[in-house]
Amino acid sequence: MKQKFFFALCLLILSCLPYTVHAQDRVITEIRNNWKMHRFGNNLWYNATVPGCVHTDLIANKLIPDPFYRDNEKKVQWIDKYSWEYATDFEVSREVSGRQNIELNFKGLDTYADVYLNDSLVLSSDNMFIDWHVNVKKVVRQGSNHLRILFHSPVVMGLIHRDKWDIEAPMGFNLDFGPGIGGTAVPNDCPPVGPYTRKAEYMYGWDWAPSLATSGIWRPVYLEAWNDFRINSTEVIQKGISPKKA
């Protein structure tokens, strides 16, 4: 039994060696500084925090009141009807720019976003729940790089998908901004587009949550560079099992 355990341990160590050596050659840089944001269509830029969202940045810049205080929720319903843009400049060293593979990794984009690196469109996202990987080796450059992300209105995009699918999907309710309990009609500043969007449903309003359909970079952004290859994931598959051995 001890020999079998030792043999299995050796195999496990050997299987991890290539990844360990390769991990030392991999350079990962978080892009989190110098972010600015603005409402698309004007040129008034404000400081932004990444990770974050449009609503928290507007609050931080004292442009909107606290939406959780009294009836302030009604005063910020205009935000999700507009598109918003985030931008930053970041430096890439000679060491990183010389790697064979360079990738941008967005852990969370909320939700419909066009990503431009040095004015080249490199990614269009439509799902806030997954992370996005895009190879930017041909676009990134040594020195200063300009990254901007245009977030399209989740309400406008939701309406487009709703009309395209032509399906009446069930949805939740919000006491102030939704269909109401029992289907009673009440003023609806946020159209019922939640089910048509890969976005947190509660953001469109619920009985326990306000209607605040956010946009923004809600999880970190990384620039990853490496040579040759890398192991993205590993999996152990059990091919056989019996009452005595597994």
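Some ground rules. The model is predicted, so local features need pLDDT of at least 70 and side-chain atom pairs count only at pLDDT 80 or more, while totals for chains, interfaces and linings use all residues. Residues are numbered from 1 along each chain as its sequence is written, and side-chain values use heavy atoms, with hydrogens and water left out.

Let's start with the whole chain. The secondary structure comes to 4 helices and 12 strands. Helices (H or I, at least four residues) and strands (E, at least two) are DSSP runs, numbered from the N terminus. The chain has 246 residues, and 41% of them are buried. Buried means under 20% relative accessible area, exposed means over 50%, and partly exposed is in between, using a 1.4 Å probe and protein chains only.

Now contacts, meaning heavy atoms within 4.5 Å. Take those between residues at least 6 apart in sequence: 72% join residues at least 24 apart.

Which order do its 6 strands take? They run 3-2-4-10-7-8, in an open sheet with antiparallel pairing. Two strands pair if DSSP finds at least two bridges between them. Strand 3 (46-47) and strand 8 (120-126) stand at the edges. Each has a single partner strand, so one side of each is left without a neighbour in the sheet.

Let's step through some pairs. Strand 2 (residues 36-39) joins strand 4 over 4 bridges, in the antiparallel sense. There, Lys36 stands opposite Ala87 of strand 4. Next, strand 4 (residues 84-92) pairs antiparallel with strand 10 (residues 143-151) over 9 bridges.

One general point for your notes. In a regular strand the side chains alternate between the two faces of the sheet.

Strand 5 (residues 101-106) and strand 12 (residues 221-226) share 6 antiparallel bridges. Ile102 has Ala225 of strand 12 as its bridge partner.

Now a single residue. Where does Val140 lie? Val140 is in the loop between strand 9 and strand 10. Buried or exposed? Its relative accessibility is 10%, so Val140 counts as buried. Leave aside neighbours within four places in sequence, and Val140 contacts Val92, Ile102, Leu117, Asn118 and Asn145. Val92 is 48 residues away along the chain, yet the two C-alpha atoms are separated by 8.1 Å.

Last stop, the largest pocket. Its lining has 15 residues, and Phe68, Tyr202, Met203, Leu212 and Thr214 lie nearest its centre. Helix 2 (residues 54-60) gives the largest share of the lining, 3 residues.

Notes. 1 Å grid on protein atoms, 1.4 Å probe; cavity = no way out; pocket = protein on both sides within 12 Å on 5 of 7 lines; lining within 4 Å.
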